[in-house]
Amino acid sequence: MTLRIYPGGVAGEEEDILRRIGEGQLQAGSLSLAGLSRITPQVYVLAIPMAMKSWDDLARVREVMQPRLEAVFAEKGYVLLNWGDIGWVRFFLPKPDPSLDAVREYRFVAWADDSAVDLWKDSGFRSVYLELADVLPGLEESRIDAIGTTPLFMLANRWYPLIPFMVEMPWAPLVGATLIDRETWTRIPSELRPELLRIAHEAGERMQAEIQRMEVDAVAAMEARGLEVIHPDPEQLQEWRRFFEEGYPALRGPLVPEEWFDEVLRLTGNPG
């Protein structure tokens, strides 16, 4: 058995990866929430805005939801190897006003494979569809003004000099996962699969712990290069919480099964 890895997006965008898996050109892929949602929107159960407040909350929710998500992925023809988080999403803005009205005026990048973009548009946000390679030119040419992403992703792509204000309001985890095509998985000798899963799970756990540390370091590194961290006041935080909670009906049912959604709120002590 040979493992060949294509890093750094050389295999294409996440939509391309899924298409190539379907065509048999690739056998597995590491996908972000946007890519996973193309397989099933139910994965948004791990990213309900402002439902989870900490890594511990995410771990508790994922422990309960993982068997259900594994079953859904299996129905779609995939085996879950491990989870790989990318940090917590914040707003990165060109100006230091974190109020809802101010942020809503900006043109945000919308990842071309994100199935939740319509929800943002319905809430009054302006979204511009861009591939990853087009984000930097989009910022330089003023096609977009702002980005909702994680500090690690922001630092890695060096976008922060063009939008130098980060709102310290982590409103959802950006989860990811590595999946393998189920037909490929079944061709691996059955006696090897448990050991491969164990290795994959351990690698995922190490990666998640490292990401938590790296996220703190990423913010510090960007601050040292001019990024300014903006802290919303209590009234602004409450305004954002109301905004997200008013959007829950668009998630609960249409994207996430109602029972799952309600269980997340119960697990996190969030009344919704």
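In this predicted model, R62 and D85 form a salt bridge, with their closest N and O atoms 2.8 Å apart. The two residues come from distant parts of the chain, 23 residues apart. R62 belongs to helix α3, which spans residues 55–75. D85 lies in the loop between β2 (78–83) and β3 (88–93). Both R62 and D85 are buried.

A second salt bridge joins E168 to R90. Here the closest N and O atoms are 3.3 Å apart. E168 has a relative accessible area of 25% and is partly exposed. R90 has a relative accessibility of 7%, so R90 counts as buried, the cut-off being under 20%.

R90 has a further partner in E215, and their side chains meet in a salt bridge at 3.4 Å, N to O. These residues are 125 apart in a link between distant parts of the chain. E215 is in helix α9 (residues 193–224), whereas R90 is in strand β3. E215 is buried, with a relative accessible area of 6%.

Salt bridges also occur as a network. D16, R19 and E23 are linked in this way. Across the whole structure, the search finds 18 salt bridges. In general, side chains of opposite charge can pair when their charged atoms come close.

Technical notes
Residues numbered from 1 in each chain as written. Predicted model: local features only at pLDDT ≥ 70, side-chain atom pairs only at ≥ 80, totals over all residues. Heavy atoms only, no water. Salt bridge = Lys/Arg side-chain N within 4 Å of Asp/Glu carboxyl O. Helix = DSSP H or I, 4+ residues; strand = E, 2+ residues; numbered from the N terminus. Buried < 20%, exposed > 50% of the residue type's maximum accessible area, 1.4 Å probe, protein only.
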